[in-house]
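User: Hi! I have a chain open and would like to talk it through with you. Could you take a look?

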Amino acid sequence: VLSTDAASLSFIATMPDRPAKVAVLEVRIRTKQDLQSAMITSAMLEKISNVQYIIFKSDVPCTATEIKKLVPATLTGITVLYDVQQTS
């Protein structure tokens, strides 16, 4: 499992020593602005090609449609899951 937050997600593409055997990429979304910056790209997954699941954990209310926009349709073979914390 490789865990990160949306603000640091872009660093995955430039990390010099990315782990090659990552089955799960977990992304924490802390703010509504993070929904704009949490886009997954193929460059991010280039060196960690074993990713089978991407899990978005959101601290802010969002919809399945907003989450689906974060993963391009060209990334096939990856299951996208999400957990949204609903405030009461």
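User: Thanks! Where is the place of Ser58?

Analyst: The place of Ser58 is in strand E3. Strands here are DSSP runs of E with at least two residues, helices are runs of H or I with at least four, and both are numbered from the N terminus. Before we go on: this is a predicted model, where local features need pLDDT of at least 70, side-chain atom pairs count only at pLDDT 80 or more, and totals for chains, interfaces and linings use all residues. Residues are numbered from 1 along each chain as its sequence is written, and side-chain values use heavy atoms, with hydrogens and water left out.

User: Good to know. Is Ser58 buried or exposed?

Analyst: Ser58 is buried, at a relative accessible area of 0%. Buried means under 20% relative accessible area, exposed means over 50%, and partly exposed is in between, using a 1.4 Å probe and protein chains only.

User: And what does Ser58 touch?

Analyst: Leaving aside residues up to four places away in sequence, Ser58 touches Ile29, Asp83, Val84 and Gln85. A contact is heavy atoms within 4.5 Å.

User: Let's zoom out. How many helices and strands are in the chain?

Analyst: The chain has three helices and four strands. Starting at the N terminus, the elements run β-β-α-α-β-α-β.

User: What order do the strands take in the sheet?

Analyst: The order is E1-E2-E3-E4, in an open sheet of four strands with parallel pairing. Two strands pair if DSSP finds at least two bridges between them. E1 (2–5) and E4 stand at the edges with a single partner strand each, so one side of each has no neighbour in the sheet. On average, neighbouring strands of this sheet are turned by 20 degrees against each other, direction ignored; the axes are lines fitted to C-alpha atoms, for helices over the stretch in contact, and angles run from 0 to 180 degrees between N-to-C directions.

User: How many bridges join the pairs, say E2 to E3?

Analyst: Six bridges join E2 to E3, and six also join E3 to E4. E1 and E2 pair over four bridges.

User: Which residues stand opposite each other, for instance opposite Tyr53?

Analyst: Tyr53 in E3 has Val24 opposite, and Tyr53 also stands opposite Thr79 in E4. Over at E2, Arg28 stands opposite Asp5.

User: What does Ile40 touch?

Analyst: Not counting residues up to four places away in sequence, Ile40 touches Leu9, Leu25, Val27, Leu45, Ile54, Phe56, Leu70, Val71, Pro72 and Leu75.

User: Next up, Val80. Where is its place, and what does Val80 touch?

Analyst: Val80 has its place in strand E4 (residues 79–84). It is partly exposed, with a relative accessible area of 32%. With residues up to four places away in sequence left out, Val80 touches Ile54, Phe56, Ile67 and Val71.

User: And Thr74, where does that lie?

Analyst: Thr74 lies in the loop between helix H3 (64–68) and E4. At 68% relative accessibility, Thr74 counts as exposed. Thr74 and Ser42 are 32 residues apart in sequence, and 8.4 Å apart in space, C-alpha to C-alpha.
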